[in-house]
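I opened a notebook page on salt bridges. I wanted to look up the pairs and where they sit.

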Amino acid sequence: MGKLTNKVAIITGASSGIGKAIAEHLAEHGANVVLAARRAHKLQKLAEMIEDEYRVRTAVVETDVTKREDVEQLVQHTKDKFNSVDIYVNNAGVMLLSFLKNDHVDEWEQMVDVNIKGVLYGIHAALPEMLKQKSGHIINVSSVAGHEVFPSSTVYSATKYAVKALSMGMEKELSKSGVRVTNVSPGAVDTELTEHITDGDVIDMFKNRDMTPLESADIASAVTYAVMQPESVNVNELIVRPMHQK
């Protein structure tokens, strides 16, 4: 019996990287996990592995977080199958770094849609159920780019500053509701995110980066730490950076 036994956790962006690692870590501690992403075939493989390895229940819901109806359906499916929503991890995100002069306006819009609207849709869908329960935990995955801006991160940072602001506001509004809120800000992590960058200037800049990034499991450990605290404890902010970063 783990500390999260009988808890139900929804994780968006669960098909790879940080989301996948979070799902595995929460399941290891006993949580039933609902896996959400667009790549349903990857989610299904992950669900089968988790059920075999950790003996918990899973559900797979193909979800595009930029579509409000998809996110509403995700939460409704979770309620129908498990009767509660205890943890909601707003993890889905894109990091399309580019210099403003290169005018990647379509990518700016995509980041706003996924990184901000996707988080808002998750809050919209999950929070009412948690308020009814008078308990729950919302994890918003921001970034160190939501604390500081560097060349090429301007729009990405704007979206992650927004996530941090949402988390701060939620902490204050929900402090007496029984619903906990944690903002998690990873530094550089070895995931697929950098593979989606199309700006040639940024790609060239990253070639000379001398650092060892974090692993997805490092962020999953931080999330697990936050959700496993006693109900009277709310870990509001976690910033996780790699060592020896230049």
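My entries on the salt bridges follow.

I noted first that this is a predicted model, in which local features need pLDDT of at least 70, side-chain atom pairs count only at pLDDT 80 or more, and totals for chains, interfaces and linings use all residues. Residues are numbered from 1 along each chain as its sequence is written, and side-chain values use heavy atoms, with hydrogens and water left out.

Entry one. I looked up the total and found 5 salt bridges (a side-chain nitrogen of Lys or Arg within 4 Å of a carboxyl oxygen of Asp or Glu).

Entry two. I looked up E24. Its salt bridge is with K20, and the closest N and O atoms are 2.8 Å apart. Both residues lie in helix α1 (residues 17-28), 4 residues apart, about one turn of the helix. Helices here are DSSP runs of H or I, at least four residues, and strands are runs of E, at least two, numbered from the N terminus. E24 is buried at 18% relative accessibility, while K20 is partly exposed at 31%. Buried means under 20% relative accessible area, exposed over 50%, partly exposed in between (1.4 Å probe, protein chains only).

I turned to helix α4 (residues 105-133), which holds D113 and K117, 4 residues apart. They form a salt bridge, with closest N and O atoms 3.6 Å apart. D113 is partly exposed at 28%, and K117 is partly exposed at 37%.

I checked R241, which pairs with E148 in a salt bridge at 2.9 Å between the closest N and O atoms. R241 lies in the segment after β7 (237-240) and E148 in the loop between β5 (136-141) and α5 (154-173), so the pair ties together parts 93 residues apart in sequence. R241 is partly exposed at 41%; E148 is partly exposed at 42%.
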